[in-house]
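Please open the structure in the viewer and colour it by chain.

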Amino acid sequence: MFILLETTQNQELVTLIPWTFIAQILNLFLQMFLIKKFLFKPIREVLEKRKAKADAEIGEATKAKEEALAMKEEYEQNMSEARDKANEILANAQKTATVKSEEILKEASENAVSIKAKAERDIEQEKRKAVNEIKDEIAGMAMEIAGKVIEREISEKDHAKLIDEFIENVGVQ
Amino acid sequence: MNIDIKGPKILYEIPFDIPVLGRIQISETLVVSWIVILLITLLCIWLTHDLKVENITKRQAFAEMLVETADKFVIGNMGPKFKYMVPFVAALFSTSLVSNLISLTGLRSPTADLSTEAAWAIVVFTMITAQKIKSSGFGGYLKGFTQPIPVLTPFNVLSELATPISLACRHFGNILSGIVINGLLYAALAVASSKLLGLIPGAVGAVLSHVPILDVGIPAVLSVYFDWFTGVMQAYIFCMLTTMYIANAAEG
């Protein structure tokens, strides 16, 4: 057992006390240990954690950006494909429409031509028919007139000759 | 008027004579040193409780600032390879600072005892020597004393020994001088106020002349220099020199 004696002495103002000297060396290292344990270690840990967290967040952000860029690229590719397809469809439709319209026009013009030909034919026929009818009527009229004028029967031969002359004269007039 | 400026009180003694080292004495210096250690440690514990990674408190920001300042100071003076010295320098600085400033509470500074500074200086000197031996080998270290010419060897040894002595005495001298000047000033102002108030005639003057009225306030102005300024400066200078000496020793 140590015995502690209370004293009322003072040490010299400027002196080296060996035990105080040794104790102060130990105190300094004790203080170093305590500061390390209670200040530096916890603070460094928290700083390290914060750094790790910041790094992780930056990494995540970079990844997200890459993903977004990839998505954008894909989207753009899809868009351009869609545009190409739309253009192709449009071009095809135009082509088809052109072909069809040409066909329709051709058919229409053919139809028109045939209708026109038929109409011309009909007109010709009608004209001929009308001419023949007029011919017959005029012939009858001429016969009647002639019969009345000369009051005699003319031969069938003269008859025909007279009609032709008459018609020719009428046609000239 | 007698002015008696005494050394630290010896509070307890273990009455066994140990050869060379003498009796184990527990002086004011040691008791206040333990109080200082306790204060610093409690401050550290208070600063670092409840630490968070995000949304930190001002207290935590201050603690982080302390650590970063210590890192910057040591790495700035010594280079990154001495990062392991940060807690030591921080301990040296905080102990010195709190020891110097604790005199404001009326306790006796541990730094007003040469044993304290001598202990620190010896630790620093050991580190300097260790760095020198590490950087140039034991032979190189011894050979360094004979540079640039062998005649200078005694002076080199002297200058080597002067390093820890000057380191210790600079710090001790500044703190002690503060105590001495404060003691002188208190005594002088007490005398002055007693003479001044003694001019008042009759019993009033006789009573008032025992009140050292000038001791109120005026010493506080000097205390700003001797306690605050010197206290902070010496702690800083001690750490500055420590880092410089060790870094120079490592460069060889």
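**Where the chains meet**

Select chain B together with chain A: 48 residues of chain B are in contact with 41 residues of chain A. The model is a predicted one.

Keep the side of chain B that touches chain A selected. At least two residues each come from β1 (10-14), β2 (24-27), α1 (28-48), α2 (58-78), α3 (86-101) and α4 of chain B. Which of these elements gives the most to that side? Helix α1(B) does, with ten residues. Colouring this side of chain B by class shows 31 nonpolar, twelve polar and five charged residues.

**Strands across the interface**

Next, select strand β1 (residues 5-6) of chain A along with β1(B). The two strands run antiparallel and are joined by two bridges. Within this pairing, centre the view on E6(A), which stands opposite Y12(B) in β1(B).

**A helix pair within chain B**

Now select helix α4 (residues 114-143) and helix α7 (residues 218-251), both of chain B. Their axes lie 7 Å apart, and the helices pack at an angle of about 15°. α4(B) and α7(B) are therefore roughly parallel to each other. The crossing of α4(B) past α7(B) is right-handed.

Finally, display the side chains at this contact. From α4(B), show V124(B), M127(B), I128(B), Q131(B), K132(B) and S135(B); they meet T242(B), Y245(B), I246(B), A249(B), A250(B) and E251(B) of α7(B). By class, the residues of this contact comprise seven nonpolar, three polar and two charged.

Technical notes. Residues numbered from 1 in each chain as written. Chains lettered and ligands numbered in written order. Predicted model: local features only at pLDDT ≥ 70, side-chain atom pairs only at ≥ 80, totals over all residues. Axes fitted to C-alpha atoms, helices over the stretch in contact; angles between N-to-C directions. Helix = DSSP H or I, 4+ residues; strand = E, 2+ residues; numbered from the N terminus. Parallel < 35°, antiparallel > 145°, perpendicular 65-115°, else oblique. Left-handed = near helix turned anticlockwise from the far one by under 90°. Contact = placed C-beta atoms within 7 Å. Nonpolar A, V, L, I, M, F, W, Y, C, P; charged D, E, K, R; others polar. Pairing = 2+ DSSP bridges.
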